[in-house]
Amino acid sequence: MEITFLKYQGAGNDFILLDNRDRKYSSLNKNLISKLCDRRFGIGADGLMLLENHPDYDFQMHYYNADGGLGSMCGNGGRCIVAFAHHLKIIETETNFLAVDGPHYAKITQNPFVVELQMIDVEEFRIDKEATILNTGSPHYVLPVVDLPSFNVYEKGRDIRYNDEFKAQGINVNFCEWKNNILKVRTYERGVEDETFACGTGVTAAAMAHALKHQLEGDIDTKISVLGGELNVKFKKTGNRFTSVFLIGPAELVFKGTINII
Ligand SMILES: N[C@@H](CCC[C@H](N)C(=O)O)C(=O)O
């Protein structure tokens, strides 16, 4: 099967983008998707997305993790698929599209691309000792740590993701540290089963956990630093409710290609 793809990255979270408006890639299965995402035997990516037509929205986003399984919402993927839709001339600078967690509004604010993506409102969370557990489109566990650069994200993240509570459904695990007015975040991603360079729903969860912990109220703009670059998360916090949530950052076309996969 010959596959024509574009590869995008958003703060180092990288994705294979396929135009499936004519349904030519609908037969891709778990095994094939994981092969395409493999960094040694395929193109290499944290996830793969199909862009499809939708009768009521500009397009629909289908997200698969690197292991080939259907994922929940991907924030950086959402920003990259907006840049891809612009590349395909489906949209200009603003869009409303549908993802697994519902409709999303987004706008392109700079070219080369900075994409501002509206995320779901959040009002449910659980505090477990130092950790905050919440769903920002994907399930997240957020834990503040000391000395994040030398923290073993893979080992500790894996322990939490596979503990008795989370192993069945899985969870994404974020470790964070507040330093010089910047929230530094490192994430172990479910479905990649490794640390990634950024996670959009993860930094959104981390910014919310930080605001809850420090009892911040009102319009909050959090500057985030991840291994692959910088992101911003903006929201309005009213008590325990987060609304007007935006994930802001780069979405860059890295390369185009064609692959024949057996
Ligand atoms: N691995 C996740 C979804 C992907 C999260 C992502 N990289 C992001 O930017 O939000 C899952 O299915 O749990």
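This is a predicted model: local features need pLDDT of at least 70, side-chain atom pairs count only at pLDDT 80 or more; totals for chains, interfaces and linings use all residues.

Modeller: Helices (H or I, at least four residues) and strands (E, at least two residues) are DSSP runs numbered from the N terminus. Residues are numbered from 1 along each chain as its sequence is written.

The protein chain is divided into domain 1 (2–117 + 251–260) and domain 2 (125–248), with bounds that come from an automatic or database domain assignment. Their C-alpha centres lie 23 Å apart, and 21 residues of domain 1 are in contact (C-beta atoms, placed from the backbone, within 7 Å) with 22 residues of domain 2. On the side of domain 1 that touches domain 2, helix 2 (75–87) and strand 7 (114–118) are the elements that give two or more residues, and helix 2 gives the most, with four. That side divides into six nonpolar, ten polar and five charged residues, where Ala, Val, Leu, Ile, Met, Phe, Trp, Tyr, Cys and Pro count as nonpolar, Asp, Glu, Lys and Arg as charged, and the others, Gly among them, as polar.

The axes of helix 2 and helix 4 (residues 200–213) come within 5 Å and cross at roughly 125 degrees; axes are lines fitted to C-alpha atoms, for helices over the stretch in contact, with angles from 0 to 180 degrees between N-to-C directions. The two helices are therefore oblique to each other, given that under 35 degrees counts as roughly parallel, over 145 as roughly antiparallel, 65 to 115 as roughly perpendicular and the rest as oblique. Gly75, Asn76, Gly78 and Arg79 in helix 2 meet Gly200, Thr201 and Thr204 in helix 4, a contact with no nonpolar, six polar and one charged residue.

Of the 18 residues around the ligand (C-beta atom, placed from the backbone, within 6 Å of it), Gly71, Gly75, Asn76, Gly200 and Thr201 come nearest. Helix 2 and helix 4 are the elements that give two or more residues to this shell, which draws at least three residues from each domain.

Finally, lysine 129 has a positive phi of about 55 degrees although it is not a glycine.

Methods
Two residues are in contact if their C-beta atoms, placed from the backbone, lie within 7 Å.
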